[in-house]
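Hi everyone, thanks for coming. Let me put the structure up on the screen, and then I'll walk you through it.

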Amino acid sequence: MTEVGIDGIEIWAGKLELDLAETFAPAQDDDPGKYTKGLGLYSSSLPDVYEDIVTMAANASKRLLERKGLTPDDIGRIDVATESSFDKSKPISTYVAGCLEQTFEGDFHHANKGERKFACVSGTQALDDAYNWIRAGRNRGRKALVIATDTALYERDDPGEATQGAGAVAMLIDEDPDVTALSDAQGFGSADETDFLKPNQQFPSVDGKRSMQVYLARMREAMMDFERNGGDTHPDNFELIPFHTPFPGMVRKAAVLGYRHCIRDTEIEDELAEEIGRQPRPEAFDDEEEYLDAVKEYTEALGETDAYADWYERTVQPTLAISEQVGNWYTGSVHIARAAGLAEALEEGRELSGRDLLVASYGSGAQAEIHAETVQPGWEDEIAQLNIQEQIESREPIDFEQYEAIHDVHNHDAETDMEPLTTPEGEFVFDGWGRMGERKYTYVE
Ligand code: COA
């Protein structure tokens with residue numbers, strides 16, 4: 001059967017850089033260690049005045065289509081995943097298509113466009129939709145453009161403010177893909193949860209601590225579902241494990257729990273038994289609290305072992321390299337984790353072709369999805385073309401006053417008039433409002 005999966009990836013980061021330790025922490029009267037060590041974040045990427053979810057999505061997509069030598073006729077589907085939409089009816093994909101039509105010959109009139117919503121997991125859901133569309137044979141040789149784009153901003157002084165970020169990831173989904181092939185094995189963990197939501201409001205209502213618990217609970221459920229559906233989660237099966245990364249500290253918490261789950265009843269648990277004992281089993285305890293205490297103690301000891309450190313260093317740490325510099329990109333977050341992991345592996349000369357990734361996506365509200373992907377022979381050439389590190393390095397650093405002003409610029413309820421801090425070049429920009437309240441865009445040479 002022909003493989004279907006990700007044929008190309010492009011990433012576009014918001015152009016401004018808020019340094020969390022140097023600029024944000026002192027203004028909040030916080031120890032910088034809370035950000036760099038606790039949350040594992042160094043800086044946030046934020047959009048300049050002329051940037052938004054449409055410009056970032058269109059800019060990433062333009063680069064992707066050009067690099068792959070494609071025209072609008074080659075695209076049969078455009079899905080945008082976002083939780084920052086400014087329009088409740090007209091999907092962001094139509095705005096993006098309108099932008100791209102300004103610079104490409106032809107149009108996207110025969111592409112099916114939509115918008116996917118389920119907090120941060122919707123980027124992966126859009127990927128699944130594209131995969132299913134191609135697998136069903138309804139694509140007629142055409143490819144899907146899947147874009148995850150967000151301005152992940154919180155209310156000022158919300159604890160989530162520390163984890164903000166903005167950027168877009170554009171992915172081309174096709175047969176015979178160059179980056180990864182998706183497999184049919186999937187697991188879901190989904191429940192009606194109230195941890196993070198935006199009931200008719202721009203900035204989220206967040207119960208941060210609860211959202212972390214829900215993330216872990218739904219991931220565990222998804223992992224068990226993945227296993228029931230034939231997925232083998234032995235830790236040696238996977239070269240990289242990109243997680244949804246609201247901040248790297250969250251992934252650190254999830255990784256050790258995941259490792260504990262995956263080594264149960266394997267030779268790894270046996271080998272570690274002499275050092276830290278075997279995992280507590282519920283049937284050996286009369287009291288649930290005692291069992292949970294024993295599990296906690298075992299997990300802490302497991303996190304200190306060399307076996308865990310080696311596994312984490314190889315499969316998880318590389319996936320955090322972009323996130324720690326840009327913050328949370330909501331729908332794009334797990335997709336920058338995949339890209340970061342592959343980019344680090346390329347730099348280290350790791351041979352990944354034919355090897356598997358385990359992709360762990362999550363969205364508040366809440367749903368986790370676990371699926372496997374197989375790295376394809378073209379991955380090195382594709383990943384070598386990413387320029388995200390250059391984008392990160394060339395961002396414009398902002399001071400706290402500028403941060404406050406730019407937050408207001410992107411706050412739909414605040415009135416501000418601010419000059420851009422950077423000069424756009426060769427990109428789409430937001431340039432004002434149309435007669436029906438629509439946002440308008442032009443391409444700047
Ligand atoms: N040095 C080292 N670590 C430090 C530190 C210091 N000086 N100061 C604090 N820390 C650690 C804390 O111990 C904590 O780590 P722990 O969770 O392992 O104990 C971490 O830094 C964060 O500090 P905390 O005080 O818990 O932060 P907070 O209460 O301001 O908020 C979130 C943290 C994640 C709840 C908040 O950022 C949030 O609401 N984010 C949005 C929701 C989200 O992303 N949820 C995740 C699931 S999607």
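Before anything else, one term: helices (H or I, at least four residues) and strands (E, at least two) are DSSP runs, numbered from the N terminus. With that in hand, Gly33 sits in helix H2. Two quick notes on where the values come from. This is a predicted model, where local features need pLDDT of at least 70 and side-chain atom pairs count only at pLDDT 80 or more, while totals for chains, interfaces and linings use all residues. Residues are numbered from 1 along each chain as its sequence is written, and side-chain values use heavy atoms, with hydrogens and water left out.

Let's take the whole chain. The protein chain has 15 helices and 16 strands. Its radius of gyration is 22 Å, close to the 22 Å that the globule rule gives for 445 residues, so the chain is as compact as a globular protein of that length. For that comparison, the radius of gyration is taken over C-alpha atoms, and the globule rule is 2.2 Å times the number of residues to the power 0.38. Along the principal axes, the C-alpha atoms fill a box of roughly 70 × 55 × 40 Å.

How much of the chain counts as buried? Of the 445 residues, 58% do. Buried means under 20% relative accessible area, exposed means over 50%, and partly exposed is in between (1.4 Å probe, protein chains only). Contact, meanwhile, means heavy atoms within 4.5 Å. Among contacts between residues at least 6 apart in sequence, 78% join residues at least 24 apart.

Now to the ligand. Here a residue is near a molecule or strand if one of its heavy atoms lies within 4 Å of it. There are 19 residues around the ligand, and Lys34, Gly38, Lys209, Ser211 and Lys253 come nearest. A polar side-chain atom of Lys34 is 2.6 Å from an oxygen atom of the ligand. For Lys253, an N or O atom in the side chain is 2.7 Å from a ligand oxygen atom. Pro159 takes part through its backbone, where a polar atom lies 3.1 Å from an oxygen atom of the ligand. The protein covers 69% of the 960 Å² of accessible area that the ligand has on its own. Accessible areas come from the Shrake-Rupley method with a 1.4 Å probe, and for residues only the protein chains shown count as cover.

Which elements give two or more residues to the shell around the ligand? They are helix H2 (33–39) and helix H6 (208–228). H2 gives the most, with five residues. By type, the shell divides into eight nonpolar, six polar and five charged residues. In that count, Ala, Val, Leu, Ile, Met, Phe, Trp, Tyr, Cys and Pro are nonpolar, Asp, Glu, Lys and Arg are charged, and the others, Gly among them, are polar.

Back to Gly33 for a moment. At 18% relative accessibility, Gly33 counts as buried.

Next, two residues with partners to look at. Thr82 lies in the loop between strand E4 (75–81) and helix H4 (92–103). Is Thr82 buried or exposed? Thr82 is buried, with a relative accessible area of 2%. Its side chain joins that of Asp150 in a polar contact of 3.1 Å. A polar contact is a pair of N or O atoms within 3.5 Å; within protein, one must be able to donate a hydrogen and the other to accept it, and residues adjacent in sequence count only if both atoms are side-chain atoms.

The other is Glu427, in strand E15 (residues 427–433). Glu427 is buried, with a relative accessible area of 2%. A polar contact of 2.6 Å joins the side chains of Glu427 and Lys15, and the side chain of Glu427 also reaches the backbone nitrogen of Glu425 at 2.9 Å. Leaving aside neighbours within four places in sequence, Glu427 has contacts including Trp12, Tyr50 and Tyr443.

Last, some backbone geometry. Most residues other than glycine have a negative phi, and most peptide bonds are trans. Asp157, however, has a positive phi near 75 degrees, and Asp157 counts as exposed at 57% relative accessibility. Asp265 has a positive phi of about 65 degrees; Asp265 is exposed, with a relative accessible area of 62%. Finally, the peptide bond from Gly365 to Ala366 is cis, with omega near 0 degrees.
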